[in-house]
Amino acid sequence: MRHEALTRWTAENSAELYGIRNWGQGYFDISPGGEVMVRPNGPKSPTEVSLLHLIDECHGRGLNMPVLIRFSNILASRIKEINESFRWAIFDAAYQGQYRGVFPIKVNQQDAVVGDITEYGREYHHGIEAGSKAELIAALALMKDPEAFVICNGYKDEEFIDMALQALKMGTRTVLVIEMPSELELVLSRAERLGIRPVLGVRAKLSSRAGGHWDSSGGDRSKFGLDASQIIEMVDQLRQRDRLDCLQMLHYHLGSQVSDIRRVRTALREACRFYVELVREGAGMGILNMGGGLAVDYDGSHTNFACSTNYSTAEYASTVVETIMNTLDECGVPHPTLITESGRATVAHHSVLIFNILDVRRFEPLSIPEKLDVNAHEMLQNLMEVCHSLSPRNMQEAYHDAVFYRDELRTLFLHGTISLRERALAETIFWHIVCQMSEMTRGRKYIPDELEGLDSAIADVYYGNFSVFQSIPDFWAVDQLFPIMPIHRLNQRPTRKGVLADITCDSDGKIDKFIDLHDIKHVLPLHEWDGREYYMGIFLTGAYQETIGDMHNLLGNTNVLHVRIDDKGRIESAKQITGDRVDEILKYMEYDPESMVATIKSRADKAYKHGFITAKERNAFLKAYKTGIRGYTYFEQ
Ligand SMILES: Cc1ncc(COP(=O)(O)O)c(C=O)c1O
């Protein structure tokens, strides 16, 4: 302890503690002054900007916390990295086909985000994947590049199909992917009626699996796709209708976040076999679409753990290109245009949720007496004895004894044998024991399973101005981990250990699982809260979270600052999107805010008339109600 206090804590220590250089992919680091810096153009560029500086900017613009900060430059950098990785892999292997990326709009549907992607993707002819009619409507308006693909997946009705076909006629490269056998007839008849030869794809149900959280997206029982016999039926039908040349693309999607490169390769080999057979059947072919799955290293461990990945984008690209070549060359089949629908890997890094800490509940057991009263209950004496005799060598046994005596004392309390004061003393002694044990296990390589959770049992609770359900729904829904850390004071030693609680009144609205290089941490090292602003960042939130987030407790979309940073680290352009107001959320839930204000006004008038409140109180109440209903749904200070 003494040694720890004497050594100076630097930003370098924080960088190691929070693993920012492992998961940050060069987009995030810490300045010597202890602030999280964003390198929006990636690791090779010297440009950087402090998140704290951007918070000042938010305040200046009247954007209260929580704020989602999106970096346009990071989107540009991700698009570049994915496309350049494939460009290099294709060049290196002398692959004869092209690469065409498409962005699955469902991963982040915000106008500014998809707009940036189409703009930065233009030089690579990066397209869009749409999985519904509404997404296709958005995609068609945004996609202006005639060489980029618009891939149409998902359930399709007549309207969806007609729109895709007419767009094709107008020069957009729409591909209608047959996901279910029943879709084929509808697509062919609509195409005939409109006098168009459609460009068709077929989604194959592979037997290969992704592993991890999204394993069920693939495999024999997956929701979408045609199995081998259905594909053969489709081929026969197309041949009969003289439309076999229209079938140009094989599509599959193994699942999101495929963290193990071996699974990528295995599935691709299987898909290549489907592709070869379709060529042999006489289908037009020419395009192989691998769907999504390119994983993001959320915990920075570079492993095949569900929240990590054991490969880089460059390795992914070269593995894909080589696997296709190896399989197709053996059969003398020409190399197809290669499409990936990488969503997560394109957008995860570009947004950071910033929120402030509102309060802290410190875990601090009261002090215990040196000695107990001679008349204290025997069980209390025993518990105290455990406390006095605790040592690193008898820790596990002491833990069992402490739990036993504490439970016995609780039972004695239930039976009225000991008083509330004695029960309180028992609990204080118990927590003292737990604190000492936690101290003793610190830095140990092996900790018995039952002592693993001690840290979280005695953690402080830091209350944050955000909603888990709105801003990181996947943390709650599928145990997805995100890097979380303070964004300043990082040249100061974090002396507390805490968990984070959001402002919903749901007991699931807390974060008690944090990334770690080995396994998962249950507490986060944090700084002593002194009542002044303490800001936290949740990183890599750009994929899926904004779209899937819900309005639990009527907490709506957060404020957003979408920025482009210039080479000097200054804001070049910024778009601010004000978060949902209370009346907007209420309207969404079918309330009529205007009539609510009228009701409250007449109630206040009545209360004034009956003399329950003064005129001043009436006015103050009405003002507060009206301000509240037009205000931000989060804490405003
Ligand atoms: C058909 C399809 N393509 C692409 C994706 C995007 O996957 P990812 O974000 O893992 O790249 C998904 C997502 O599940 C999908 O269903």
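Guide: Let us begin with a cut-off: a residue counts as buried when its relative accessible area is under 20%, as exposed when it is over 50%, and as partly exposed in between. Please keep in mind throughout that this is a predicted model.

Visitor: Why does R489 count as buried?

Guide: R489 has a relative accessibility of 17%, and the limit for buried is under 20%, so R489 counts as buried. This residue lies in the loop between β15 (484-486) and β16 (496-501).

Visitor: What makes the phi of R489 worth a remark?

Guide: Most residues other than glycine have a negative phi. R489 is not a glycine, and yet its phi is positive, at about 60 degrees.

Visitor: Is D242 buried or exposed, and how do you know?

Guide: The relative accessible area of D242 is 55%, and exposed means over 50%, so D242 is exposed. D242 sits in the loop between α10 (228-240) and β10 (247-251), and although it is not a glycine, D242 has a positive phi of about 60 degrees.

Visitor: What is the relative accessible area of F539, and what do we call such a residue?

Guide: The value for F539 is 0%, which is to be set against the limit of under 20%, and therefore F539 is called buried. F539 lies in the loop between β21 (535-538) and α20 (545-548). Leaving aside residues up to four places away in sequence, F539 touches W23, F28, V36, L51, S351, V352, F482, P483, M485 and I487. F539 and I354 are 185 residues apart in sequence, while their C-alpha atoms are 8.8 Å apart in space.

Visitor: How much of the whole protein chain counts as buried?

Guide: Of its 637 residues, 54% count as buried. The secondary structure of the chain comes to 23 helices and 23 strands, and among contacts with a separation of 6 or more, 75% are between residues 24 or more positions apart.

Visitor: Why are α14 and α16 called roughly parallel?

Guide: Helix α14 (residues 378-389) and helix α16 (residues 420-441) pack at an angle of about 20 degrees, and their axes are 9 Å apart. Angles under 35 degrees count as roughly parallel, and therefore α14 and α16 are roughly parallel to each other. Their crossing is left-handed.

Visitor: Which residues make the contact between α14 and α16?

Guide: From α14 come L380, L383, M384, V386 and C387, and they meet E422, L425, A426, I429, F430, I433 and Q436 of α16. By class, the residues of this contact are ten nonpolar, one polar and one charged.

Visitor: What describes the packing of α11 with α12?

Guide: Helix α11 (residues 261-280) packs with helix α12 (residues 313-331) at an angle of about 35 degrees, with the axes 9 Å apart. The crossing of α11 and α12 is right-handed, and the contact has eleven nonpolar, three polar and four charged residues.

Visitor: Where is the cis peptide bond that joins M65 to a proline, and what is its omega?

Guide: Most peptide bonds are trans. The bond between M65 and P66 is cis, with an omega of about -5 degrees, and P66 lies in the loop between α4 (51-60) and β4 (67-71).

Definitions and conventions: Residues numbered from 1 in each chain as written. Predicted model: local features only at pLDDT ≥ 70, side-chain atom pairs only at ≥ 80, totals over all residues. Heavy atoms only, no water. Axes fitted to C-alpha atoms, helices over the stretch in contact; angles between N-to-C directions. Helix = DSSP H or I, 4+ residues; strand = E, 2+ residues; numbered from the N terminus. Parallel < 35°, antiparallel > 145°, perpendicular 65-115°, else oblique. Left-handed = near helix turned anticlockwise from the far one by under 90°. Contact = heavy atoms within 4.5 Å. Nonpolar A, V, L, I, M, F, W, Y, C, P; charged D, E, K, R; others polar. Buried < 20%, exposed > 50% of the residue type's maximum accessible area, 1.4 Å probe, protein only.
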